[in-house]
Amino acid sequence: MRFIGLLFLLFITASSFAQTVTFLPKWKVGDKKEVTITRQEKEVNKGEVEFDTTMVQYINIEVVEETNEAFEIMLYWQPPVLAVTRIYAKMKPAKGNADRLPLRYSVDKKTGKETLINVADAMAELESQMNGVTEVLEKADNSLMGMMLLPLSILTDNEEAFEDYVEERVKFLFKPYGKPFIEGEELVIKEQAKAPTPNAPMIDDNVTYTLTKKGRSTYQIGEVHDMDLTPVMEMMEKMM
């Protein structure tokens with residue numbers, strides 16, 4: 001079985017790119033950007049698509065600090081399931097980034113390595129927002145919808161699980177670091193990803209990037225993940 005994930009990002013920016021782009025963290029304190037993410041996931045088994053879903057998300061980015069070694073940036077992001085339950089709870093969108101998780105990352109200038117540095121604060125904010133939505137749903141006698149938040153509850157007291165969860169959804173912002181990116185051509189990088197089940201082997205992940213110009217100052221970045229889940233499936237079969 002193979003998993004194919006498609007990720008398309010629209011970067012809204014005031015500056016123009018050259019035809020060949022190299023991703024480097026060259027930002028200025030005060031820079032702000034909005035990223036629109038269209039994420040499509042497919043599960044393919046023996047050539048047949050068994051699962052296909054598309055999701056649109058938005059992330060606000062702000063460069064807040066710079067040292068000789070690194071930049072610090074804020075990512076304001078809302079977990080999709082939290083966004084859905086807020087809609088069912090008929091909660092109005094908050095002003096600014098008040099209904100999004102504040103994720104503060106340090107990005108090394110030489111390597112592009114990112115580190116989440118406000119884990120405790122971000123976890124506390126997630127728990128607070130979940131409690132707020134749950135309270136509104138219970139008052140509306142719609143606590144069943146609140147059960148959608150149960151998968152997130154494990155993230156409020158497990159730092160490793162929380163970091164893995166948010167990293168999986170924002171790490172594309174820091175890739176492909178230091179690689180020449182030519183418009184109209186494919187850039188393929190071989191990686192390894194964590195398996196969805198405990199104690200399973202790492203998964204081979206072939207990532208294909210494409211860069212397409214969408215306007216004078218807007219580029220679309222395509223990111224396709226081709227993961228071979230065969231080792232995981234074989235391990236699960238042996239356990240049954």
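Modeller: Let us start with Asp31, which is partly exposed, with a relative accessible area of 23%. This is a predicted model, in which local features need pLDDT of at least 70 and side-chain atom pairs count only at pLDDT 80 or more, while totals for chains, interfaces and linings use all residues. Residues are numbered from 1 along each chain as its sequence is written, and side-chain values use heavy atoms, with hydrogens and water left out.

Colleague: Why is Asp31 called partly exposed?

Modeller: Buried means under 20% relative accessible area and exposed means over 50%, with partly exposed in between (1.4 Å probe, protein chains only). Asp31 has 23%, so Asp31 is partly exposed. Lys28 has 56%, so Lys28 counts as exposed.

Colleague: What makes Lys28 and Asp31 a salt bridge?

Modeller: The term asks for a side-chain nitrogen of Lys or Arg within 4 Å of a carboxyl oxygen of Asp or Glu. For Lys28 and Asp31 the N to O distance is 3.7 Å, so the pair qualifies. The structure holds 5 salt bridges.

Colleague: How do you know that Glu66 and Lys109 form one too?

Modeller: Their closest N and O atoms are 2.7 Å apart, within the 4 Å limit, so they form a salt bridge. This pair links distant parts of the chain, 43 residues apart: Glu66 is in strand E4, and Lys109 is in the loop between E6 and strand E7 (114-116). Helices (H or I, at least four residues) and strands (E, at least two) are DSSP runs, numbered from the N terminus.

Colleague: What separates Lys139 and Glu135 in helix H2?

Modeller: About one helical turn, because they are 4 residues apart in that helix. Their side chains meet in a salt bridge, at 3.5 Å from N to O. Lys139 is exposed at 68% relative accessibility, whereas Glu135, with 43%, is partly exposed.

Colleague: What makes a set of residues a nonpolar core?

Modeller: Its members are buried Ala, Val, Leu, Ile, Met, Phe, Trp, Tyr and Cys residues joined through side-chain atoms within 4.5 Å. The largest one here has 31 residues, and those touching the most other members are Ile59, Leu75, Leu103, Tyr105, Leu126, Phe162 and Val166. H2 gives the most to this core, with 7 residues.

Colleague: Which residues does Val166 touch, not counting those up to four places away in sequence?

Modeller: Trp77, Leu103, Tyr105 and Leu116. Touching is a contact, meaning heavy atoms within 4.5 Å.
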